[in-house]
Amino acid sequence: MAKLTSIKLGKLPDSINVGNALTEVSIEVTIDFHKIDLQLEMEYMLFLFVYDINGKIDIPIIIENWDKTEVYGISDDRHDHLMGTIKLPIKATKSKLVLNTSLELNLGKISKGDSYFSKHIEVFGTLIPAIGRASNWSKPKEVGIVF
């Protein structure tokens with residue numbers, strides 16, 4: 001099984017202008033592959049989620065599906081804000097892969113009641129194997145109740 005050895009957020013601007021809708025950031029990911037991964041040329045999907053962390057980090061609940069994985073947070077205090085996500089197909093062809101990518105952050109809307117002086121940005125990564133668990137939710141339906 002592959003291992004996400006490190007995830008590093010690249011250079012960020014010193015400040016972000018609230019008027020700018022998008023800001024690009026770079027991310028470096030290092031993945032180590034097991035020898036079985038290499039023998040099978042195992043395929044993975046790498047998902048990177050960039051968050052503005054507000055207090056304690058939300059506990060991530062991962063609903064994994066090969067090409068559509070979602071992360072939900074269980075918060076002890078204030079919810080973290082998802083600022084961007086990217087998915088990248090990965091194939092195990094050498095024992096160590098260093099991947100450099102970038103994505104644009106969606107800064108969201110600033111409400112009148114909120115005051116922002118800084119953002120605490122972190123990246124959460126998950127590597128989903130082609131052979132592994134898959135999960136999904138049904139579409140919701142509503143049913144009436146009779147008394």
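Lys 91 and Glu 41 pair up in a salt bridge, with 3.8 Å between their closest N and O atoms. Lys 91 sits in strand β6 (residues 81-91) and Glu 41 in the loop between α1 (35-40) and β3 (43-52), so this contact ties together parts that are 50 residues apart in sequence. Keep in mind that this is a predicted model.

**Lys 91 and Glu 41: how open are they?**

- Lys 91 is partly exposed, at a relative accessible area of 42%.
- Glu 41 is partly exposed too, with a value of 42%.
- Partly exposed covers the range between buried, under 20%, and exposed, over 50%, so 42% puts Lys 91 in that middle class.

**Lys 8 and Glu 28**

- The side chains of Lys 8 and Glu 28 meet in a salt bridge, at 4.0 Å from N to O.
- Lys 8 belongs to strand β1 (residues 3-9) and Glu 28 to strand β2 (residues 22-32), so the pair connects parts of the chain 20 residues apart in sequence.
- Lys 8 has a relative accessible area of 47%, which makes this residue partly exposed.
- Glu 28 is also partly exposed, with a relative accessible area of 25%.

**Asp 32 and Lys 96**

- Asp 32 and Lys 96 form a salt bridge through their side chains, at 3.1 Å from N to O.
- This pair links distant parts of the chain: Asp 32 is in strand β2 and Lys 96 in strand β7 (residues 96-106), 64 residues apart.
- Lys 96 counts as partly exposed, at 43% relative accessibility.

**The β6-β3-β8 sheet**

- Which strands make up this open sheet, and in what order? There are 3 of them, running β6-β3-β8, and the pairing is antiparallel.
- β6 and β8 (121-129) are the edge strands, each pairing on one side only.
- From one strand to the next, the twist averages 15°.
- As a general point, strands of a sheet pair through backbone hydrogen bonds, either parallel or antiparallel.
- Between β3 and β6, the antiparallel pairing runs over 10 bridges.
- For a spot to look at in the 3D view, take Met 45: its bridge partner in β6 is Pro 89.

**Back to β6**

- Strand β6 turns up in both topics: Lys 91 lies in β6 and ties to Glu 41 in the loop between α1 and β3, while β6 also pairs with β3 in the antiparallel sense.

Key: Residues are numbered from 1 along each chain as its sequence is written. This is a predicted model: local features need pLDDT of at least 70, side-chain atom pairs count only at pLDDT 80 or more; totals for chains, interfaces and linings use all residues. Side-chain values use heavy atoms; hydrogens and water are left out. Helices (H or I, at least four residues) and strands (E, at least two) are DSSP runs, numbered from the N terminus. Buried means under 20% relative accessible area, exposed over 50%, partly exposed in between (1.4 Å probe, protein chains only). Two strands pair if DSSP finds at least two bridges between them. Axes are lines fitted to C-alpha atoms, for helices over the stretch in contact, and angles run from 0 to 180 degrees between N-to-C directions.
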